[in-house]
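Q: I have a protein to look at for class. Can you walk me through it?

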Amino acid sequence: MSFLRNPLFLLGANLSAIVGSTYLLRAHHIYNLEEHEARMDELEGTLRGHIGLIEEALDRLEGTATEADRGKKMNEYYGKRGRDEKQKK
């Protein structure tokens, strides 16, 4: 009898193929999750910076801003990105 027709060999080959493919897919999924989180952090910082710029422009239009306040809100919002959620825990 050929070893390729042995039921234990076939079972072992199938299980090793399943385990190997599961491991590779899991590793790829974890990598994609980390990349996605990095992209979202960058996007969050960009949005916070833009919100600061918009609020500064609004303050200038309302006449409540001074020259010393220029860039302050943008830096404040951009600097605290991703930190406010971590402090709550």
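**Overall picture**

A: Buried residues make up 9% of the 89 residues in this protein. Keep in mind that the model is predicted.

Q: How many helices and strands are there in the protein?

A: There are three helices and zero strands. Read from the N terminus, the elements go α-α-α.

Q: What does the accessible surface come to?

A: It comes to about 7,800 Å². Of that surface, 62% belongs to carbon and sulfur atoms.

Q: And the contacts? What share is between residues 24 or more positions apart?

A: That share is 52%, counted among contacts with a separation of 6 or more.

Q: Switching to charges. How many salt bridges does the count come to?

A: The count comes to one salt bridge. Its partners are Glu44 and Arg48. Their closest N and O atoms are 3.1 Å apart.

Q: Why does that distance qualify as a salt bridge?

A: The cut-off is 4 Å between a side-chain nitrogen of Lys or Arg and a carboxyl oxygen of Asp or Glu. The closest N and O atoms of Glu44 and Arg48 are 3.1 Å apart, so the pair counts.

Q: Where do Glu44 and Arg48 sit relative to each other in helix α1?

A: They are four residues apart in helix α1, which covers residues 7–62. Because of that spacing, about one helical turn separates Glu44 and Arg48.

Q: Is Arg48 buried or exposed?

A: Arg48 is buried, with a relative accessible area of 14%.

Q: What about Glu56? Where is its place?

A: Glu56 is also in helix α1. Glu56 is buried yet has no salt bridge.

Q: Which side chain of opposite charge is nearest to Glu56?

A: That is Arg60, at 4.6 Å.

Q: Now Asp59. Buried or exposed?

A: Asp59 is buried, with a relative accessible area of 17%. Asp59 is in helix α1.

Q: Which residues is Asp59 in contact with?

A: Thr64, Ala65 and Lys73, leaving aside neighbours within four places in sequence. Lys73 is on the list for Glu56 too.

Q: How far is Asp59 from Arg70?

A: Their C-alpha atoms are separated by 10.0 Å. Along the chain, Asp59 and Arg70 are 11 residues apart.

Q: On to the surface. Which residues gather in a patch of negative charge?

A: Glu34, Glu35, Glu37 and Asp41 gather there. Asp41 lies in helix α1. Asp41 is partly exposed, with a relative accessible area of 36%.

Q: What makes the nonpolar surface patch?

A: Phe3, Leu4, Phe9 and Leu10 make that patch of about 400 Å².

Q: Where does Leu10 lie?

A: Leu10 lies in helix α1. Leu10 is partly exposed, with a relative accessible area of 42%.

Key. Residues numbered from 1 in each chain as written. Predicted model: local features only at pLDDT ≥ 70, side-chain atom pairs only at ≥ 80, totals over all residues. Heavy atoms only, no water. Helix = DSSP H or I, 4+ residues; strand = E, 2+ residues; numbered from the N terminus. Buried < 20%, exposed > 50% of the residue type's maximum accessible area, 1.4 Å probe, protein only. Patch = residues over 30% accessible without salt bridge, like charges linked within 9 Å, V, L, I, M, F, W, Y side chains within 5 Å. Areas by Shrake-Rupley, 256 points an atom, 1.4 Å probe, with all protein chains shown as cover. Lys, Arg positive; Asp, Glu negative; His and termini not counted. Charge placed at Lys NZ, Arg CZ, Asp CG, Glu CD. Contact = heavy atoms within 4.5 Å.
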